[in-house]
Structures are given as C-alpha cells and as structure tokens.
Amino acid sequence: MDVDIGNALATEASPGISRAALERLDEDVAQAHERIQRGRANSDHGYAALNLPATAHPDTIRAAVEPFDDADHLLVVGIGGSALGAATLVDALDGDLSVHVLDNVDPAHINDLLQSVPLADAAVNVVSRSGTTAETLANFLVVRDAMDQAGVDWTDRTFVTTGDEGPLRDLAGTHDLPSLRVPDDVPGRFSVLSTVGLAAAVLDGHDIDAILAGAGEVADGLTGSLFECPAYAYGATTYALDARGAAVNAMMPYAESLETYAEWFAQLWAESLGKDGLGQTPVRTLGATDQHSQLQLYRAGPRNTMVTLVRPTERTDREIPTTDIEGLAYLGDSSLGELLDAEFAATEASLAAAGRPNVRVEIDRVDERGLGELLYGMEAACVLAGELYGVDTFQQPAVEWGKRAARGLLGGGEFEEADAVDAKTTLR
Ligand code: PA5
C-alpha cells in the first residue's frame, strides 16, 4: 500500500500541514508506535488485532468450512464488525458463491432474501463475538425457521463463529454445529483478518494466505516514523488535518468492487475514534460516480473535509469501441480503465487547486494481497490515530448502550438504558 500525502501539505492554495508541523508530529508518532508495539507484544486488548497476519490460523478456518464446500449460497448472519469484514472481502473479489449478508433486521428485506435463496443449497455462518446481539440472533432464528419450513436440516447447513461463552456457543454445543472461535482481544471492527472475516472468504473461493501475506507485509513495515510507514502517514495526516478543521473524511475508492470497503472503513473510523468529543466523521463515497454529486460539496462547500482517494494501479480493463459520432471520437482511443484513472487524476487536481486537502492511497490490484494490505494498513492507521487523539480506540460504549437498550425494550433483561428510552417516549 502506498500513501501520498502531498496534497495534504500546506501550499499557497491550501492551509494544509506544514513540513515543520509534520516533523513535530513524527515525535508523537514514534512514541505512539512504541505503545502499539508494546500492546502487540503483550497481545493486549485491541492491539492483538495487529498480530492477526501471524496468528489467524488459516488451516483451522479452511478445515471448519470444508463441510460446506458444496454450497452455492452463503448467508452471513452478523452485524457491524461481525459482518462488514466478510462483506468487504467477498464484494471486492470475484467469488464462487452468491453471498448474502444479513445484518439489518428490515423484515421486507429479509422476506425477499429468504424467498429468493434456495435454502437447501445455502450454508449459514452465524457470527457474533458476544453471542448476544439481538439483530444477529433474531435473523438467525428467522433463517432457521425458514429452513425448517423448507424441509432443510439447518443443523447440516449452519456453522457458528463466536466467543468461548454465550448463547451462540451453547447453541453450537447443543446441536454439535461446526464452530470457529473469535480470537481473544480482537474487537469486531478489527476482526476482518480473523475467523470472523476469513471464513466467508474461504468458502467464496479466495486465497486467505495471500490476504494474510499482504497484511503481513504492512505489519512488517510498521516503524516509528510517518515518513517511512505509509499506514502511519495516513493515520497521522488525517489526525493533523482534523486538527486543522477537516472534521469529515470522505473515503472515495475508484473501484466499484471497493464500495463495501468504504463502508467497512466508515465503521472502523467512526466506532474507534468517535469518543470524548473527538474523531472524524467518515463518509462513504465512490469514484467516479460521486464526482457527479458529492464532489461539488467537497470542492466548494465548507472547508471541513478531507478526501481519501483510493485506487488500484492495475485493473481489469475494457476498450471503448471506436466511433465516428461527432465529438466522441476521442473516447474510442481509450479504455474504461483509462477514463476512470483520468477521472481520479482530475478529482485529485481539482481538489488540490481549490486548496482542499486530499490523500492518495494506492494498492497494486484489487486482489487478495492488495486487500490484505489495504485493510491492515487502515487498521494500523486507525490505531495510530487513536493514540494521537488519546482515545480508547478499542471500546465502543455508545454502541453497547444501544445494544443494551434494544434488548431491554424487548424484554431481554433488566437494562437501565431501556428505562431512558421509555422516559423519552413518555415525554413525547
Ligand atoms: O466493532 C464492534 O465491536 C461492533 O461493531 C460489533 O462487531 C457489533 O456490535 C456486533 O457485535 P457481536 O459480534 O458481539 O454480535
């Protein structure tokens, strides 16, 4: 993964970061790196995620999913960090299966999905670290019931990914379901490179060793200087731009297959850094499509946004047919890939010319290795940014509040958060 922060630096047109400020920040990066390395060495909560390239046990994952390699469809039942990693990988890569991620509990969507998927040909992976998340368990109960009604033995088609304890672990034990363990001290949004994200990737026919190798290469390149380490360059630059007013980070991949990656990034950035009144609001956007909508705002709206432009330097291409239609002949000399790259360059230059900070992130290709680099690189960037902000990157109290309130409202236990919802409803 390469990161170019040239368009985040101060110029006559832009109030970006000065070289002197970056050098001062690099001293903080060095200290943050020491803390990160210490956390990794101790496998402390959260930091353990940065060790996954070496600790993910790909053979265990392959063995656990082998009984399901006859499936044509995969239903991943999970939410947040227990869904987005798998979704990112299978959406980015050309796979063997039709993969459906059941994260939301919108009944209309779930009804449509269950009517369209031949359940006898489907495998189901229920994923929840805690094993208690209401949306995941509700969706699983609905899928299980649909399988029963279709005469499919759900116990033959289901495997579970969860922690050592909890209702899902108990369920796996009771029905002797194949199961994978969510590794200790890896928070959901940092779990893509573990059993949580990789099981779906294996079933979909992807080379998870290559994913882990790409991630491992970035892990090996973590050093104590943003000038040497692209992942830290990204994390430190976003932090410094936020301090200069870039409260919004628009993540804009120029590859349709990376659209879900932008969603994954938004979760990582928001849930990890949004604490104590700090953090940067991530926005999911897509090049070149959103050049025709959001770009207007990013170039000429409030000066509160940085844009992260992501692209592969090599892509599958398709020639544009030659034409004698007047005014369109120029298109026939190029390809769709060249056009997309031209759009990328135009956006980058147009933002820079307007003094709007942007950062370029490149991988060689959207393949297993490139994804491993990108996902690990962004995780390391996020951990570094969390150190610089001084927030607790690996906790998510606001998310947990909502989970407890929802369970309480449905009668799933005594939770004071549910009382707060009741009080508000009564006031209305
Ligand atoms: O990153 C996180 O901690 C969250 O997004 C969780 O992944 C999400 O809430 C799902 O939790 P669980 O895996 O316990 O069902």
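In what follows, a residue counts as buried when its relative accessible area is under 20%, as exposed when it is over 50%, and as partly exposed in between, with a 1.4 Å probe and protein chains only. Good morning, colleagues. The structure before you is a predicted model, in which local features need pLDDT of at least 70, side-chain atom pairs count only at pLDDT 80 or more, and totals for chains, interfaces and linings use all residues. Residues are numbered from 1 along each chain as its sequence is written, and side-chain values use heavy atoms, with hydrogens and water left out.

I begin with the salt bridges. By this term I mean a side-chain nitrogen of Lys or Arg within 4 Å of a carboxyl oxygen of Asp or Glu. In general, side chains of opposite charge can pair when their charged atoms come close. How many salt bridges does the structure hold? The number is 19.

One of them joins Glu387 to Arg35, with 2.7 Å between the closest N and O atoms. Glu387 belongs to helix α15 (residues 368-389) and Arg35 to helix α1 (residues 19-41), so this pair ties together parts that are 352 residues apart in sequence. Helices here are DSSP runs of H or I with at least four residues, strands are runs of E with at least two, and both are numbered from the N terminus. Glu387 is buried at 13% relative accessibility, whereas Arg35 is partly exposed at 32%.

A second salt bridge brings together the side chains of Arg311 and Asp341, at 3.5 Å from N to O. This pair links distant parts of the chain, 30 residues apart: Arg311 in strand β9 and Asp341 in helix α14. Arg311 is buried, with 14% relative accessibility, while Asp341, at 23%, is partly exposed.

Since Glu348 lies in helix α14 and Arg360 in strand β10 (residues 358-363), the pair ties together parts 12 residues apart in sequence. Glu348 has a relative accessible area of 11% and is buried.

On a 1 Å grid over the protein atoms alone, a pocket is an open set of points where a 1.4 Å probe fits, with protein on both sides within 12 Å along at least five of seven lines; lining residues have an atom within 4 Å of a point. The largest pocket holds about 590 Å³ of space, a volume being the space filled by probe spheres set on the points, which are joined across faces, edges and corners. Its lining has 29 residues, and nearest its centre lie Thr133, Glu271, Val399, Glu400 and Lys403. Two or more lining residues come from each of β4 (122-128), α6 (134-149), α12 (259-273) and α16. Which element gives the largest share of the lining? That element is α16, with seven residues.

After α16 comes Gly411, with a positive phi near 80 degrees.

Finally, Lys275 sits in the loop between α12 and β8 (281-284). Is Lys275 buried or exposed? At 10% relative accessibility, Lys275 is buried.
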